[in-house]
Amino acid sequence: MRSKQRILAGILSASVAWAGFLGVSAGPAQAATVSHVRMASPAAQESAVGKWHIRNSFFGKNGEDVPLRQGDLKFGYKHIQDKHPEDDTSLIGWIDDTLEDGKYEEDEGSMVVRNRTATGKMFRVVFTEREDEASKDGRPVGIITAFLE
């Protein structure tokens, strides 16, 4: 958890510096707002279109970079909503909780993480750290699927 906070603090510092460079300012309350989600740099966002677009970014328990990409019917957000539809708020919260508190197991090149939700149901996230040069952003493919079991 502490490494996640350090990473988020670094991202916040870089964001504030970048905003200052662009002539944008924010009050202390605005600058102090940090979420568990990391946004891609503007250059990476422009190059990541279609299925490679990053909707949200998460961190694994050991600091793994775990993006949730737009995807298609085989992986990512589109796959999740096609096979296991959930409202975005619950889905994002369950993914974040599972990656932070879940039990990790490696399975044929992917990482499977399971965690019990507040309602007692098990939630599963499957992700890969494999990079695909078609994404043009140098980040992992990320979340393949996520669902309530």
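This is a predicted model: local features need pLDDT of at least 70, side-chain atom pairs count only at pLDDT 80 or more; totals for chains, interfaces and linings use all residues.
Reader: What makes K51 and D72 a salt bridge?

Author: The closest N and O atoms of K51 and D72 are 3.6 Å apart. The cut-off is 4 Å, between a side-chain nitrogen of Lys or Arg and a carboxyl oxygen of Asp or Glu, so the pair qualifies. Side chains of opposite charge can pair when their charged atoms come close.

Reader: Where in the chain do K51 and D72 lie?

Author: K51 is in the loop between α3 (42-47) and β1 (54-59), and D72 is in the loop between β2 (65-69) and α4 (76-83). They are 21 residues apart, and the pair links distant parts of the chain.

Reader: Why is K51 called partly exposed?

Author: K51 has 34% relative accessibility. Buried means under 20% and exposed means over 50%, so K51 falls in between. D72, at 21%, is also partly exposed.

Reader: Are E105 and K103 buried, partly exposed or exposed?

Author: K103 has a relative accessible area of 57%, which is over 50%, so K103 is exposed. E105, at 41%, counts as partly exposed. The side chains of E105 and K103 meet in a salt bridge at 3.4 Å, N to O.

Reader: How do you know that D132 and R130 form a salt bridge?

Author: Their closest N and O atoms are 3.8 Å apart, and the limit is 4 Å, so the pair counts. D132 is partly exposed at 23%, and R130 is partly exposed at 47%. Elsewhere, salt bridges that share partners join R114, R124 and E149 into one network. The count by this rule comes to nine salt bridges.

Reader: Why is β1 described as largely enclosed?

Author: Five of the six residues of β1 are buried, so β1 is largely enclosed by the rest of the structure.

Reader: What makes β1 and β2 a pair of strands?

Author: Strands pair if there are at least two bridges between them, and β1 and β2 have five, so they pair, in the antiparallel sense. F58 has V66 in β2 as its bridge partner. The two strands form a hairpin with five residues between them, and G63 in the turn has a positive phi of about 85°.

Reader: Which residues of α4 are buried, and what covers them?

Author: The buried residues of α4 are G76, Y77, H79, I80 and Q81. Their cover includes β1, β2, α5 (88-101) and β6 (140-148).

Reader: Why is V125 called buried?

Author: V125 has a relative accessible area of 0%, and the cut-off for buried is under 20%, so the term applies. V125 lies in strand β5 (residues 122-131).

Reader: What is V125 in contact with, leaving aside its neighbours within four places in sequence?

Author: The contacts of V125 include I95, T98, L99, M111 and I143. L99 is 26 residues from V125 in sequence, and their C-alpha atoms are 7.6 Å apart in space.

Key:
Residues are numbered from 1 along each chain as its sequence is written. Side-chain values use heavy atoms; hydrogens and water are left out. Helices (H or I, at least four residues) and strands (E, at least two) are DSSP runs, numbered from the N terminus. Buried means under 20% relative accessible area, exposed over 50%, partly exposed in between (1.4 Å probe, protein chains only). Contact means heavy atoms within 4.5 Å.
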